[in-house]
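Colleague: Could you walk me through one part of this model in detail? I'd like a close look at how the two chains meet, with some context from either side.

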Amino acid sequence: MSTSELSKERTGRPEEIKAVPVRRPGRWIAAAIVLVIAASIARSIVTNKSFGWHYVGQYLFDSRVLHGVLVTIELTAASMVVGIGLGVILAVMRLSPNPVLSGASWLYIWFFRGTPLLVQILFWYNIAALFPHGIGLGVPFGPDVVHYTHTNSLITAFVAGLLALSINEGAYMAEIVRAGIISVPEGQTEAAQSLGMSRIQTLRMIVLPQAMRVIIPPTGNETISMLKNTSLISVTAYAELLYATQEIYDVNYQVIPLLIVASIWYLVMTSVLYVGQYFIERRYGRGFSRAQQASMRARWLGFRHETGAA
Amino acid sequence: MSDTMVKAENVHKRFGRLEVLKGIDLEVQRGEVMCMLGPSGSGKSTFLRCINHLEKINAGRLYVDGELVGYRDDGDKLHELHEREVARKRAEIGMVFQSFNLFPHMTALENVTLAPTRVLGVSRDEARRRATELLERVGLGDKLSTYPVALSGGQQQRVAIARALAMQPKLMLFDEPTSALDPELVGDVLDAMRQLARDGMTMIVVTHEMGFAREVADTVVFMNEGVVVESGRPDRVLSSPQHERTKSFIAKVL
Ligand SMILES: Nc1ncnc2c1ncn2[C@@H]1O[C@H](COP(=O)(O)OP(=O)(O)OP(=O)(O)O)[C@@H](O)[C@H]1O
Ligand SMILES: [Mg+2]
């Protein structure tokens, strides 16, 4: 019997299968337990007066809090920009055949990943103690070209925070960027070189754009961590979001409501970043997957879209 | 301008202690097509990569269009070339790889226009015009804005050929351009290469396509363990090989 005869016999669509689904009592029990716990937490949140919900409402849009939000965004953005820049430079140094460059990069990463961020912040904030006679830029052991007599006027709380956060971030970004660069097949570099492109052109136009696919998801996570880590800057009495709320509760003693205000704003900002990350990832996934429209819902359910190489 | 496009004199290449090329001597004349055959690991790819400055040779002399490859000779000493000069020389040599190596984040057209605009400084419009023409010539006029993932292997390889040709090279190197392709896709790529040979391009082609070698090549070179075992006109090398190693290899491939 030939294939065409076979298919002719099968023109009628068979009956739709209606099977009895397997019973899964475990799922129902687990769901019930979770619901009970959630209900009791919700009840406590609503009934416990200490949450002070009306204070939360009162201070959520307080001008000092809003200013803190703004400062937090500024600090996050500035630190990420500088941190990513440092990370790219350090990653390229790390991959350089020059042992001095790669060694220096290794040392940097080792130091800044190996010490707590809070300690680094305190260091930068107190840098004046290290250089009481000011800071200058010039030839080692020679005269300064630029000189600031008052270290504290140069290293303000904002600059100290920016330095601490971005320099620390540079170390983490360096590892992320390096992993991205390594993920690009060597054939890409060779093809670019065989066309007469310089090393810098190859890095900028061929390697980094492809490395982005690997670099962006962890960078999104880094940005979210950065946003939260800016709260550590509150130890230097710099008016970012957490410190702004602290200043308010130092006066009115409504500690919990104001911490809730801060948390709400942190959650709002991180949620916005999640959405941004989704769109940026989609942009850089171009040319890597035939089905590019992985839905937001699928991502939230925890699926990673396939990124099979070309 | 000399008539010799590529000249190898006793070329040696080592990777650490592994000697891969053990004294290659050959010449390719302008407008000639040379096909290289040989078993895996015999050093064919390495030799092509040396011609394109992707590897530095350790001994001997290698010339492209009368100029020393990778070094400058001032009479008594060799000086390594600066990266910029190496890049400039690479720009004059087209290379097509077994695995295509198209840039996956760019469309077919962008793949072809990138180097002319960025390396040669051709204007965007001029580059697009020429790229479109080249892509049409290899039968991909309708794939200009397609990304490589959405192209078949054969189409990708033809884009890669167009990309190399867009630099108006004086020499084209092909490293097993059809080895990664399904049999039914090989024909289109070989057609594009045949056309190129007819247009007078100087080509060195590493391939196991005996039919192509027989029809298009001016010279066939058989390599084994880092040396040229046998070379000559295709009918002679392919039909009546002199050397034992060549005989057994050709018997196996056919
Ligand atoms: N970068 C490298 N470092 C060390 N060894 C290498 C390198 N490149 C090639 N080789 C070695 O050189 C030898 C020749 O390799 P080459 O790729 O030139 O062979 P080929 O003739 O092209 O083989 P094939 O037909 O499999 O492509 C092989 O033994 C290979 O392992
Ligand atoms: Mg090879």
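**A close look at the contact between the chains**

Modeller: Let me start inside one chain, with a salt bridge where the side chains of B:K13 and B:E55 come together at 3.9 Å, N to O. B:K13 sits in strand 1 (residues 4-15) of chain B, while B:E55 is in the loop between helix 1 (44-51) and strand 4 (59-64) of that chain, so the pair ties together parts that are 42 residues apart in sequence. Over all chains, the structure holds 21 salt bridges. Bear in mind throughout that this is a predicted model.

Now to the place you asked about. Between chain B and chain A the count is two salt bridges. One that I can name joins the side chains of B:E83 and A:R199, at 3.7 Å from N to O. Polar contacts turn up here as well: six residue pairs across the interface of chain B and chain A, both partners at pLDDT 80 or more.

Which elements of chain B supply at least two residues each to the side that touches chain A? They are helix 2 (83-90), strand 8 (93-96), helix 3 (108-120) and helix 5 (153-165). Helix 3 of chain B gives the most to that side, with four residues. By type, the residues on the side of chain B that touches chain A split into 18 nonpolar, three polar and five charged.

As for the extent of it, 26 residues of chain B are in contact with 23 residues of chain A.

Helix 11 of chain A covers residues 199-229. With 31 residues, a straight helix would reach 45 Å at 1.5 Å a residue, but the end C-alpha atoms of helix 11 are only 36 Å apart. Helix 11 of chain A bends by about 45° at A:R213, and a proline, A:P217, follows within four residues.

Helix 9 (residues 157-183) of chain A makes a handy comparison. Its 27 residues reach 39 Å from first C-alpha to last, close to the 39 Å expected at 1.5 Å a residue. Even so, helix 9 of chain A bends by about 25° at A:A171.

Notes
Residues numbered from 1 in each chain as written. Chains lettered and ligands numbered in written order. Predicted model: local features only at pLDDT ≥ 70, side-chain atom pairs only at ≥ 80, totals over all residues. Heavy atoms only, no water. Contact = heavy atoms within 4.5 Å. Salt bridge = Lys/Arg side-chain N within 4 Å of Asp/Glu carboxyl O. Polar contact = N/O pair within 3.5 Å; in protein donor to acceptor, adjacent residues only side chain to side chain. Nonpolar A, V, L, I, M, F, W, Y, C, P; charged D, E, K, R; others polar. Expected span 1.5 Å × (residues − 1). Bend = angle between axes of the 7 residues up to and from the residue.
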